[in-house]
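Please look through the sequence and the model shown here before reading on, and keep both in view while you follow the report.

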Amino acid sequence: MRRMNMPLVRIELFEGRTDSEKEEMIREVTTAMAASLKIDKDDVDIIIQEIKKKDWATGGVTWDKQ
């Protein structure tokens, strides 16, 4: 049974990483969250949102133009 106050981690990053890179990140973030919060790994949810560089801007300039 899942606990009601499980953490949800949202990660936004530029698209282009491989599935294996994302899977490794998911494992490491899950392990870190579970250890620091003293919860089961099964209680950690992660959502990855990949963003195109043309849809992300810093200082008024999109990343595809930087």
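The report below moves from the overall layout of the chain to the contacts between its side chains.

## Overall layout

This is a predicted model, and the values in this report should be read with that in mind. The chain holds one helix and four strands, and from the N terminus on these elements follow one another in the order β-α-β-β-β. The radius of gyration is 15 Å, well over the 11 Å that the globule rule gives for 66 residues, so the chain is more spread out than a compact globule.

Taken along the principal axes, the box filled by the C-alpha atoms has dimensions of roughly 45 × 25 × 20 Å. Of the 66 residues in the chain, 18% count as buried.

## The β-α-β unit

Strand β1, helix α1 and strand β2 together make a β-α-β unit, and this unit is right-handed. Strands β1 and β2 pair with each other in the parallel sense, over seven bridges. Within this pairing, F14 stands opposite I51, which belongs to β2.

Between α1 and β2 runs a loop, and K38 is found in it. This residue has a positive phi of about 55°, although K38 is not a glycine. K38 counts as exposed, because its relative accessibility of 70% lies over the 50% cut-off.

## A network of charged side chains

How many salt bridges does the structure hold? There are two, and K22 takes part in the one with D19 as well as in the one with E50. In the bridge between K22 and D19, the distance from N to O is 3.8 Å. Both of these residues lie in helix α1, which covers residues 19-37, and they are three residues apart, about one turn of the helix. K22 is buried, with a relative accessible area of 15%, whereas D19 is exposed, with a relative accessible area of 55%.

In the bridge between K22 and E50, the distance from N to O is 3.2 Å. Because K22 lies in helix α1 and E50 in strand β2 (residues 45-51), this pair ties together parts that are 28 residues apart in sequence. E50 is partly exposed, at a relative accessible area of 34%. Through the partners that these salt bridges share, D19, K22 and E50 are joined into one network.

## Aromatic rings around F14

A pair of aromatic rings is described by the distance of the centres and the angle of the planes. The count for this structure comes to two aromatic pairs. One of them is formed by F14 and W56, whose rings lie 4.9 Å apart from centre to centre, with 55° between the planes, and this pair is described as tilted. Since F14 lies in strand β1 (residues 8-14) and W56 in the loop between β2 and β3 (57-58), the pair ties together parts that are 42 residues apart in sequence.

Are the two residues of this pair buried or partly exposed? F14 is buried, with a relative accessible area of 18%, whereas W56 counts as partly exposed, at 29% relative accessibility. Ring pairs link F14 and W56 with W63 into a cluster. F14 also has a charged neighbour, since K53 lies over the face of its ring, at 5.4 Å from the ring centre.

Terms used: Residues numbered from 1 in each chain as written. Predicted model: local features only at pLDDT ≥ 70, side-chain atom pairs only at ≥ 80, totals over all residues. Heavy atoms only, no water. Salt bridge = Lys/Arg side-chain N within 4 Å of Asp/Glu carboxyl O. Helix = DSSP H or I, 4+ residues; strand = E, 2+ residues; numbered from the N terminus. Buried < 20%, exposed > 50% of the residue type's maximum accessible area, 1.4 Å probe, protein only. Phe/Tyr/Trp six-rings, centres within 6.5 Å; stacked < 30°, edge-to-face > 60°. Lys NZ or Arg CZ within 6 Å of the ring centre and 35° of its normal. Pairing = 2+ DSSP bridges. Right-handed = clockwise from strand over helix to strand, strands pointing away. Rg over C-alpha atoms; globule rule 2.2 N^0.38 Å.
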